[in-house]
Amino acid sequence: MQLGILLFLIAAGLTLVFGVMDFINLAHGVQYMLGAYLAVAAYKLTGSFWLTLPLALLAALACGLLLEFLVFRHLYDRDHLDQVLATFGVILFLNEAVKAIWGAAPLSVPVPELLDGSIRLMENFNYPVYRLALLAAGLGVAVLLYVLVTRTRVGMLVRAGASNAPMVAALGVNIRRLFMIVFGFGAMLAGFAGIMAAPILSVEPGMGDNLLILAFVVIVIGGIGSIRGAFLSALLIGLVDTLGRSFATDIARLVLPPSAANDVGPAIASMLIYILMAGVLFFRPSGLFPVRSA
């Protein structure tokens with residue numbers, strides 16, 4: 001579930017950008033990485049996690065808006081191949097930039113004292129308080145995002161833009177401003193995921209690349225542009241991926257010799273989410289909760 005929450009925070013912004021703007025942003029994973037590095041920098045400056053959180057969040061938003069202004073807005077009218085090539089270039093540039101600024105060695109942010117320690121969930125099983133706080137924060141963001149998208153005027157425009165952006169522009173809405181708001185909010189969500197992950201994961205160049213692939217799987221399964229789909233499919237992917245890596249080898253040993261099971265189990269575990277995606281797309285090509293009609 002923890003992996004699912006992190007995937008949701010990344011995939012929510014990605015599905016908004018892709019669904020509303022029809023823009024393929026491969027650099028969304030490095031915005032998660034930037035959030036983590038900004039948390040490291042803010043913690044060194046303040047020495048407090050509770051001051052680090054808002055400072056790094058605002059910095060992640062500023063970095064996202066700066067990238068949108070300098071690079072991404074010039075790609076909105078280009079085809080998807082140009083967007084893929086340009087945003088891949090942004091990935092390479094930002095990965096090298098963080099190496100030049102912070103170095104290639106892994107960094108971390110200490111767990112805040114208030115959330116340190118663990119809670120006993122059952123006999124012989126204690127779970128860290130911070131990881132429970134991460135789950136609660138992700139669920140809180142999901143509720144807030146649902147309210148924003150379904151109960152506010154901006155959310156109405158976002159949903160309309162995801163369904164028919166040219167019509168929204170024809171009705172007098174400043175579509176460029178809407179795109180900027182959506183992109184900045186998506187970058188802030190990815191940055192928030194990086195900030196919350198910094199105390200429990202290594203902060204290092206390229207840390208967002210693997211999560212970006214999983215985030216794309218999430219939005220394909222959930223339905224492009226669907227926040228509800230992103231949330232449910234992120235939890236599903238997190239559970240399937242984690243349970244597969246934990247138990248695939250043991251299950252394979254039930255039918256295979258141990259040496260063969262040790263090879264087959266990890267291979268099957270790494271393919272499970274893609275098998276799941278293929279199965280969903282076979283029966284529902286638009287995803288579980290599609291926004292756009294056929």
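**Exercise 1.** Work out whether Ile-224 counts as buried, partly exposed or exposed in this predicted model.

*Solution.* Start with the number: Ile-224 has a relative accessibility of 30%. Buried would need under 20%, and exposed over 50%. The value sits in between, so Ile-224 counts as partly exposed. As for where to look, Ile-224 is in the loop between H8 and helix H9 (227-252).

**Exercise 2.** Describe how helix H2 (residues 28-46) packs against helix H4 (residues 80-102).

*Solution.* Grab the geometry to begin with: the two axes come within 10 Å and cross at roughly 15°. Angles under 35 degrees count as roughly parallel, so H2 is roughly parallel to H4. The crossing is left-handed.

Now go to the side chains. H2 brings Val-30, Met-33, Leu-34, Tyr-37 and Ala-41, while H4 answers with Ile-91, Leu-94, Asn-95, Val-98 and Trp-102. Sort these contact residues and you get nine nonpolar, one polar and no charged.

**Exercise 3.** Check the length of H4, then find which of its residues are buried and what covers them.

*Solution.* H4 has 23 residues, so at 1.5 Å a residue it should span 33 Å. Its end C-alpha atoms are 32 Å apart, which agrees. Next, the buried residues: Gln-83, Thr-87, Val-90, Ile-91, Leu-94, Asn-95 and Val-98. Their cover includes H2, helix H3 (49-70) and helix H8 (209-222).

Conventions. Residues are numbered from 1 along each chain as its sequence is written. This is a predicted model: local features need pLDDT of at least 70, side-chain atom pairs count only at pLDDT 80 or more; totals for chains, interfaces and linings use all residues. Side-chain values use heavy atoms; hydrogens and water are left out. Axes are lines fitted to C-alpha atoms, for helices over the stretch in contact, and angles run from 0 to 180 degrees between N-to-C directions. Helices (H or I, at least four residues) and strands (E, at least two) are DSSP runs, numbered from the N terminus. Angles under 35 degrees count as roughly parallel, over 145 as roughly antiparallel, 65 to 115 as roughly perpendicular and the rest as oblique. A crossing is left-handed if the near helix is turned anticlockwise from the far one by less than a right angle, and right-handed if clockwise. Contact means heavy atoms within 4.5 Å. Ala, Val, Leu, Ile, Met, Phe, Trp, Tyr, Cys and Pro count as nonpolar, Asp, Glu, Lys and Arg as charged, and the others, Gly among them, as polar. The expected span of a helix is 1.5 Å times one less than its number of residues. Buried means under 20% relative accessible area, exposed over 50%, partly exposed in between (1.4 Å probe, protein chains only).
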